[in-house]
Amino acid sequence: MKYLPQLLLILLSGCFLFLGCGSESNSSNDSNSKQEVVLGKIALDNGWARPGSQQAKSAAYLRISNGTASPDTVLSFSSDIAESVELHESIENNDGTTSMRPAGQQVIKDGDKLLLEPGGLHLMLINLTQDLAVGDSLQLSIDFARVGTKNITVPIQIQN
Ligand SMILES: [Cu+2]
C-alpha cells in the first residue's frame, strides 16, 4: 500500500504521454489536409444593378478584390431576387455590334482585382422574382473555392 501513490503517478504520466502523442499527431494531420488559415480577406465593393421587371433579366456589376495571400477561384453566383445568376462577358462582333456570352470560371490572383463593369464582365440576373426599381436593392452571394461564400447588398441604379 505504501507504493500506491507512486504507482498512480507512473500510470498518470503514462496517460499524459500517450495523450500528448495522440493530440500531436492529430494536429499535424489537420494542417496537412483540411485546415487552412486564410490571411487577409476578399473584399466586395462598387456594386450596383440595373432596373428590371419580374420574370425578365437585369445586370449587376461590382469589384472583387483578393486581399488574401493566395489565388482564389470564383465558383458561382446567386441572388435573393433571381432564379439564377450567370457571369457573362460582353464582346464586340466583326460587324460592330456587341453581344455577350458566358464567361468561364475566374481565378483571382492574390492582390488582384476582378472588375465587373458595363462593356466587360457582368452578372446576368436571370428570371427576376420581383420588379427592380431605382432605389431598391438586392443581395448578391459569391461562392469562392477558398474563402467560402461572401455577400454584398447592391443598389438599383441607372448607371454607376
Ligand atoms: Cu449578359
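This is a predicted model: local features need pLDDT of at least 70, side-chain atom pairs count only at pLDDT 80 or more; totals for chains, interfaces and linings use all residues.

Biologist: OK, back to the strands. How many bridges join E4 to E8?
Modeller: Seven, with strand E4 (residues 82-92) and E8 running antiparallel. Two strands count as paired if DSSP finds at least two bridges between them.

Biologist: And which way do E2 and E8 pair, parallel or antiparallel?
Modeller: Antiparallel, over three bridges. In that pairing, Ala60 has Leu123 of E8 as its bridge partner.

Biologist: How many helices and strands are there in the protein chain?
Modeller: One helix and 10 strands. Along the sequence the pattern reads α-β-β-β-β-β-β-β-β-β-β.

Biologist: What is the mean pLDDT of the chain?
Modeller: It's 84, and 76% of the residues reach 70 or more. pLDDT is the predictor's confidence in each residue, from 0 to 100. Over residues 10-33, though, the pLDDT is below 50, and beyond near neighbours in sequence that stretch has one contact in the model. Two residues are in contact if their C-beta atoms, placed from the backbone, lie within 7 Å.

Biologist: How much of the chain counts as buried?
Modeller: 16% of the 160 residues. Buried means that 20 or more other C-beta atoms lie within 10 Å of the residue's own; exposed means 12 or fewer, and partly exposed is in between, with C-beta atoms placed from the backbone.

Biologist: Which residues touch the most other members of the largest nonpolar core?
Modeller: Ala49, Ala60, Leu62, Leu138, Leu140 and Val154, out of 18 residues in that core. Strand E1 (42-49), E2, strand E8 (121-128) and strand E9 (137-144) each give two or more residues to this core. E2 gives the most, with four. A nonpolar core here is a set of buried Ala, Val, Leu, Ile, Met, Phe, Trp, Tyr and Cys residues joined through C-beta atoms within 7 Å.

Biologist: What does Leu140 touch?
Modeller: Leaving out residues up to four places away in sequence, its contacts include Ala60, Leu62, Phe77, Leu123 and Val154.

Biologist: Switching topic: where is Pro71?
Modeller: Pro71 is in the loop between strand E2 (58-66) and strand E3 (72-79). Pro71 counts as partly exposed because 14 other C-beta atoms lie within 10 Å.

Biologist: And which residues is Pro71 in contact with, leaving aside neighbours within four places?
Modeller: Val107, Ile108, Lys109 and Asp110. The C-alpha atoms of Pro71 and Ile108 are separated by 5.5 Å, although the two are 37 residues apart along the chain.

Biologist: Last one: what is the phi of Asn46?
Modeller: It's positive, about 55°, although Asn46 is not a glycine. Most residues other than glycine have a negative phi. Asn46 is in strand E1.

Biologist: What about Asn127, is it buried or exposed?
Modeller: Exposed, because 12 other C-beta atoms lie within 10 Å. Asn127 sits in strand E8, and its phi is also positive, near 55°.

Note on methods:
Residues are numbered from 1 along each chain as its sequence is written.
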